[in-house]
Amino acid sequence: MTDNLEKARTVLVLGATGGIGGAVARGLSQRGWKVRALNRNIAKAAQKAPAYEWVEGDAMKQLDVRAAAEGVQLIVHAVNPPGYRNWGKLVLPMLDNTIAAAKAEGARILLPGTIYNFGPDAFPLLTEDSPQNPHTDKGMIRKEMELRLKAASNAGVGVIILRAGDFFGPDAANNWFSQGLVKPGKPLTAISYPGKKGIAHQWAYLPDVAEAMIRLVERAEDLPAFAVYHMRGFVDDDGTKMIAAIRRAAGQQRLPAGAFPWWLVTLASPFVPLFRELRKMRYLWRQPLRMPNDRLRDLLGEEPHTPIDEAVAKTLDALGCLPQSAGQIGAGEGLPPAKMAVSS
């Protein structure tokens, strides 16, 4: 039988090789947690994080998740289908497997949330309890994920959800910053911005999101069964602040900034399903957005916050967009518009 002390400090991370899953895993490991991670290719995964206990398996297989979760107190559900293929068909079954394992072990579930489950009617001020009326397929799935987690919490499973704005950061993949604003692996020559001047937008630096999630876990015993919190992150209150931060980080105050090619998205929408979804999500850039973090600050006292210039500089450096780092990421790894995959 698993030792109670070990059980209280063991976490299963689904998605430990990804951006947010990897950041949470590292943070918990540094705090003394035993990190167990599920992956289909553990030999390759272990090269990236050899300190973890790697378990070979597939998040789509309930028995694999159930076996990997034996003796854990916490399951971090930060997994997505490889390459985001068949996202709509695979996401909910994977979550169901996590819920089943959590029920069997009496474990808590930690989920990185998004704003996609909110429709335009909830803007411009998104609170934890704002109505969820999404009008995109991705948004409907995200809403259903939270509904299933809510039902699980009513059945005795503790749930923590932290929602935040658009991710960016050194290890954040499939996001607007790295696939819309800049081109990974190449020195900056221009910025492509999806929004407009005067329209507020909210960003979330991935290391700060991970740190906030970990602090919530540390306060788990003080939380309700279904605990939902919002991060404020970095608020670009007029649609120009992120552009300015990129220019400062690059040392190029005259770096050109142009409009994201929404016309191409519209033109290709009838033929490219992903573009149809992107077009539906344009409201996220056409309406101002703010996410008050009062509930989070009341609990934690403060929100983890990296100064924006530091956060952007580290992100651009990791993406290979600064002079000293250009070329570190192959140009082929930056997705062109036709293959753009915005984070779930």
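1. The model is predicted: local features need pLDDT of at least 70, side-chain atom pairs count only at pLDDT 80 or more, and totals for chains, interfaces and linings use all residues. Residues are numbered from 1 along each chain as its sequence is written, and side-chain values use heavy atoms, with hydrogens and water left out.

2. Strand β1 spans residues 10-14, and five of its five residues are buried. Buried means under 20% relative accessible area, exposed over 50%, and partly exposed in between (1.4 Å probe, protein chains only). Helices (H or I, at least four residues) and strands (E, at least two) are DSSP runs, numbered from the N terminus.

3. T10, L12 and L14 point one way from β1, while V11 and V13 point the other way. In a regular strand the side chains alternate between the two faces of the sheet.

4. β1 runs parallel to strand β2 (residues 34-39), joined by five bridges; two strands pair if DSSP finds at least two bridges between them. L12 stands opposite R36 in β2.

5. β1 also pairs with strand β4 (residues 74-77), in the parallel sense, over four bridges. Here L14 has H77 as its bridge partner.

6. A right-handed β-α-β unit is made by β1, helix α2 (residues 19-30) and β2. Right-handed means that, with the strands pointing away from the viewer, the path from the first strand over the helix to the second runs clockwise.

7. S153 lies in helix α6 (residues 137-154) and is buried, with a relative accessible area of 7%. Leaving aside neighbours within four places in sequence, S153 is in contact (heavy atoms within 4.5 Å) with V159, A225 and F226.
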